[in-house]
Amino acid sequence: MDAYTSFAEVYDRFMDNIPYGEWADYVESLLQEYNIRDGLVLELGCGTGSFTEILSEKGYDMIGVDSSGDMLQTAMEKRAQSGRDILYLLQDMREFELYGTVRAVVSICDSMNYITEYEDLVQVFRLANNYLDPGGLLIFDLNTEYKYKRILGDHTIAECRDEVSFIWDNHYDRESRINEYDLTLFIQEEDDRYRRFDETHYQKAYRTEEIEQAIRDAGMELAAMYDAFTRQPVREDSERIYVIARERGKR
């Protein structure tokens with residue numbers, strides 16, 4: 001089953017512990033370091049649009065791309081409530097198309113880890129480079145190999161709430177560096193019965209040297225790589241990192 005179909009219905013409820021505002025402040029500070037204070041910004045893997053809405057509120061003209069129609073439906077409902085001028089596109093980030101260029105491309109919440117083939121990752125970076133203004137930025141985060149090995153791998157996460165519960169089993173293969181998430185959802189219906197849904201998600205742990213090479217292979221320039229939410233270098237025990245790449249001409 002495609003990821004984020006059933007889960008889209010309750011995604012925001014389970015992500016209410018994510019400090020999107022703080023994450024947006026951090027990304028905004030990175031953008032401003034490179035003098036990107038306004039203009040068009042594309043978010044890849046925008047999901048339900050929580051982060052997109054905040055960047056729009058900060059003054060950026062936002063475009064959101066996601067491959068889940070269910071997630072985008074929620075994003076568009078938020079847009080209707082906020083009245084913000086955000087363009088949402090139902091596209092696979094490996095094949096996305098825009099009508100023009102943007103000042104920056106951002107992707108958070110480990111969306112890039114869902115790209116499990118190196119060649120596809122290079123293609124995403126190549127497309128970003130193609131649609132960036134001269135000198136524009138690609139900013140994204142990644143869960144690290146350390147996090148999959150030590151924090152998530154072979155652990156089960158469960159949560160029970162009145163209207164919805166989930167069981168999230170992780171299985172990490174150290175050879176392929178693929179983490180398989182088996183997600184079971186129980187969603188309460190109007191008659192108080194619970195529907196069960198099952199989804200499987202796959203994420204890949206990329207090493208920093210692979211990311212650097214993929215950026216070069218895509219024709220971009222690596223500008224910085226940080227331990228998440230800091231300006232410090234990536235550590236061996238970093239759980240999440242941020243990567244900044246710069247447009248370096250079109251091929």
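Guide: Axes are lines fitted to C-alpha atoms, for helices over the stretch in contact, and angles run from 0 to 180 degrees between N-to-C directions. Helices (H or I, at least four residues) are DSSP runs numbered from the N terminus. The model is predicted: local features need pLDDT of at least 70, side-chain atom pairs count only at pLDDT 80 or more, and totals for chains, interfaces and linings use all residues. Residues are numbered from 1 along each chain as its sequence is written, and side-chain values use heavy atoms, without hydrogens and water.

Visitor: At what angle do H5 and H7 pack?

Guide: Helix H5 (residues 118–131) packs on helix H7 (residues 208–217) at about 50 degrees, and their axes are 8 Å apart.

Visitor: Which residues of H5 make the contact?

Guide: They are Tyr 118, Leu 121, Val 122, Phe 125 and Arg 126; contact means heavy atoms within 4.5 Å.

Visitor: How about H2 and H3, how do they cross?

Guide: The axes of helix H2 (residues 20–33) and H3 come within 10 Å and cross at roughly 55 degrees.

Visitor: Now Thr 52: is it buried or exposed?

Guide: Thr 52, which lies in helix H3 (residues 50–57), is buried, with a relative accessible area of 0%. Buried means under 20%, exposed over 50% and partly exposed in between, with a 1.4 Å probe and protein chains only.

Visitor: Which residues does Thr 52 contact, leaving aside neighbours within four places in sequence?

Guide: They are Glu 43, Cys 46, Met 62, Ile 86 and Tyr 88.

Methods: Helix = DSSP H or I, 4+ residues; strand = E, 2+ residues; numbered from the N terminus.
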